[in-house]
Amino acid sequence: MPPLPQLLEEDIHSLDSALMDLLAKSEADAAWVLDKGGFLLTKSGAVDRFDSTTLGALAAGAFAATQGVANLIGETDFNCVYQQGENLSMIVSNVDEQALLVVVFKTRVSAGAVKYYAASAITRIAGQLLAARQRAPEQGIDLSALNLPETSAIFRRKQS
C-alpha cells in the first residue's frame with residue numbers, strides 16, 4: 001500500500017466539510033476518515049461518545065477481513081461493510097487505496113440513505129486525497145510506522 005499523502009490544513013478542512021455535509025444530509029451521528037491501518041485522519045459529529053482510536057483499528061480490521069472474504073468467494077473486493085446493531089449501525093466504506101470512511105448512525109436511519117450520501121462524501125474525500133498526493137508525490141506518511149494514537153499534530157499548517 002502506498003503511503004498516505006502529506007495532508008495540509010486545507011486538506012483537513014476539505015475532509016471535515018465533506019463529513020459535516022454527509023452528517024447533515026444523512027442524519028448519521030458520527031463519521032471518521034481513517035487510513036487503512038485504522039489511524040484517524042479526521043472526524044466529525046458526536047465522536048466523543050466513542051473511543052475513536054479503538055473504533056478506527058477495529059473498523060479497519062473488519063474491512064480488511066471482508067476483503068479476504070471477497071477473495072474467497074471470487075469477488076475482487078467489497079466496497080463497504082455494514083453492521084447493524086439494536087440501537088446503532090455502522091458502515092465502513094472504501095475511499096481509495098489508502099483511506100476508509102466510517103459512519104455511525106441510529107438504526108432508525110435508513111442504511112440506504114447513509115450509503116447514498118456517503119457516495120458523495122467518498123468522491124469529495126478521494127478527490128482531496130488525490131490533490132494532496134499530486135501536490136507532493138514524493139512525500140508521504142506511513143501512520144502505522146509512527147504509531148500515534150492522535151494524528152492531528154503531524155498535519156502541517158497551510159503553506160504560505
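## Basis of the description

Because the model is predicted, local features are given only at pLDDT of at least 70 and side-chain atom pairs only at pLDDT 80 or more, while totals for chains, interfaces and linings use all residues. Residues are numbered from 1 along each chain as its sequence is written, and side-chain values use heavy atoms, with hydrogens and water left out.

## Overall fold

The chain has four helices and five strands. Here helices (H or I, at least four residues) and strands (E, at least two) are DSSP runs, numbered from the N terminus. Read from the N terminus, the order of elements is α-β-β-α-β-β-β-α-α.

Of the 160 residues, 44% count as buried. Buried means under 20% relative accessible area, exposed means over 50%, and partly exposed lies in between (1.4 Å probe, protein chains only). Among contacts (heavy atoms within 4.5 Å) between residues at least 6 apart in sequence, 57% join residues at least 24 apart.

## Nonpolar cores

In soluble globular proteins, nonpolar side chains tend to be buried together. A nonpolar core is taken as a set of buried Ala, Val, Leu, Ile, Met, Phe, Trp, Tyr and Cys residues joined through side-chain atoms within 4.5 Å. The largest such core has 28 residues, and L101, V103, F105 and I125 have the most contacts inside it. Two or more residues each come from helix 1, strand 1, strand 5 and helix 3 (111-135). Helix 3 gives the most, with eight residues.

## Helix 1 and helix 3

The axes of helix 1 and helix 3 come within 9 Å and cross at roughly 175 degrees. Axes are lines fitted to C-alpha atoms, for helices over the stretch in contact, and angles run from 0 to 180 degrees between N-to-C directions. Helix 1 is therefore roughly antiparallel to helix 3, a term used for angles over 145 degrees.

The residues of this contact divide into ten nonpolar, four polar and six charged. In this division Ala, Val, Leu, Ile, Met, Phe, Trp, Tyr, Cys and Pro count as nonpolar, Asp, Glu, Lys and Arg as charged, and the others, Gly among them, as polar. One of the contributors from helix 1 is D11. D11 is buried, at 0% relative accessibility. Leaving aside residues up to four places away in sequence, D11 touches Q6, Q128, A132 and R135.

## Aromatic pairs

The structure holds three aromatic pairs. Rings of Phe, Tyr and Trp (its six-membered ring) pair if their centres lie within 6.5 Å; planes under 30 degrees apart count as stacked, over 60 as edge-to-face and the rest as tilted. W32 and F50 form an edge-to-face pair, 5.6 Å centre to centre with 75 degrees between the planes. W32 lies in strand 1 and F50 in the loop between strand 2 (40-45) and helix 2 (52-72), so this pair ties together parts 18 residues apart in sequence. W32 is buried, with a relative accessible area of 1%.

Y82 and F105 are stacked because their ring centres are 6.4 Å apart and their planes are at 5 degrees. Y82 belongs to strand 3 (residues 80-84) and F105 to strand 5 (residues 99-106), so the pair ties together parts 23 residues apart in sequence. Y82 is partly exposed at 38% relative accessible area, whereas F105 is buried at 0%.

## A loop residue

E27 is found in the loop between helix 1 (9-26) and strand 1 (30-35). Its phi is near 65 degrees, a positive value in a residue other than glycine. Most residues other than glycine have a negative phi. E27 is exposed, with a relative accessible area of 51%.

Note on methods. Angles under 35 degrees count as roughly parallel, over 145 as roughly antiparallel, 65 to 115 as roughly perpendicular and the rest as oblique.
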